[in-house]
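Visitor: I'm new to this one, could you walk me through it?
Guide: Gladly, here it is.

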Amino acid sequence: MYFFTGTANPDLAKAVAKALKIKLGKVKQELFSDGELYVNIEEDVKDQTVFVFQSGKRKNKPIIHRYLMELLIMIDALKLLKPKKIIAVLPFFPYRRQIEKTESGESITATLVARLLKAAGVDRAIVLDLHEESIIKDFDFPVSHISAFDLFVKYFKEKKLPNLTVVAPDEGSLVRAKKFSKALDIPLASFEKSRDRLHDVVAKMEMQGKVDGQNIVLLDDEINTAGTLVEAVDRLKDQGAKDIYFACTHPVLSGPAAIRIKQAPIKELIVTDSIAIKDTDKNDKLKVISVADVLAKEIKNLK
Ligand code: R5P
């Protein structure tokens, strides 16, 4: 088998390769003078199973389209070398949030990306904590949807926090939070949230459940602008919550996220390394758990 990586999150790719005890496949990447990408796969992958890894964003350069295009060009270059099969490993699925049309004239970008992957030559994909799992049924190739869930369960089991309640910040997180409440045998509370979608602004948040005097873990799939975190923490504090932990898989950390996290009265923000975090966004509250072993395990299953 071969394992190649794009340039979005090389640290995680290296950690996965290490867990698999293999070397990263050699690939040359250059930029033409007009800005177009040049890719050359420098391995003989004929009749081999090939894994191609890409994340959505990297340190200092959040250019999501560029990484998607890089991935598509790598897949196409690999396909032309006639491997047995190509499996895309996508710890952070680009354009993940647009999963349906809410107005006429919009695109469904998550399925558009799936069609692009298929057209480039992908036979299968491994994805991590998708924003919405149901979207997989519209993909034209098999998908292994894996999760960082068990890593968070382990983290909080080891912490042994007293009087801990898990809170779902919105309806989308409720299933995950219920499962977490069962796994740790702790109470569950939740918010009903609505937002001004285009501007990433949380418009409404209403609390269901008891949080007074409790330590809290908020569980979400991602933290983007940290608007959800700020709104949830404000309400939880107003209602007498004690220490607040926010755990989510994907540290998207766009726009005002870093400053909001710094100012928010939270004890810890626990994320994974699905996306590389800028050094300037790192601080004492931020704890990063690696998903390298989780990805490596699924790769081993499929090789
Ligand atoms: C929304 O439905 C998601 O599950 C997250 O809650 C959301 O993407 C977080 O975004 P932000 O940090 O900008 O509030």
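Visitor: Is Y2 buried, partly exposed or exposed, and what is its relative accessibility?
Guide: Y2 counts as partly exposed, because its relative accessibility is 23%; buried means under 20% relative accessible area, exposed over 50%, and partly exposed in between, with a 1.4 Å probe and protein chains only. This is a predicted model, where local features need pLDDT of at least 70, side-chain atom pairs count only at pLDDT 80 or more, and totals for chains, interfaces and linings use all residues. Residues are numbered from 1 along each chain as its sequence is written, and side-chain values use heavy atoms, with hydrogens and water left out.

Visitor: How many aromatic pairs are there?
Guide: The structure holds nine aromatic pairs, where rings of Phe, Tyr and Trp (its six-membered ring) pair if their centres lie within 6.5 Å, and planes under 30 degrees apart count as stacked, over 60 as edge-to-face and the rest as tilted. One of them joins Y2 and F4, which are stacked at 6.0 Å centre to centre with 20 degrees between the planes.

Visitor: And F4, buried or exposed?
Guide: F4 is buried, as its relative accessible area is 0%.

Visitor: Why is the pair of F149 and F180 edge-to-face?
Guide: The planes of F149 and F180 are at 85 degrees, with the ring centres 5.9 Å apart, so the pair is edge-to-face. Both F149 and F180 are buried.

Visitor: Which residues are in the ring cluster?
Guide: Ring pairs link F149, Y155, F156, F180 and Y245 into a cluster.
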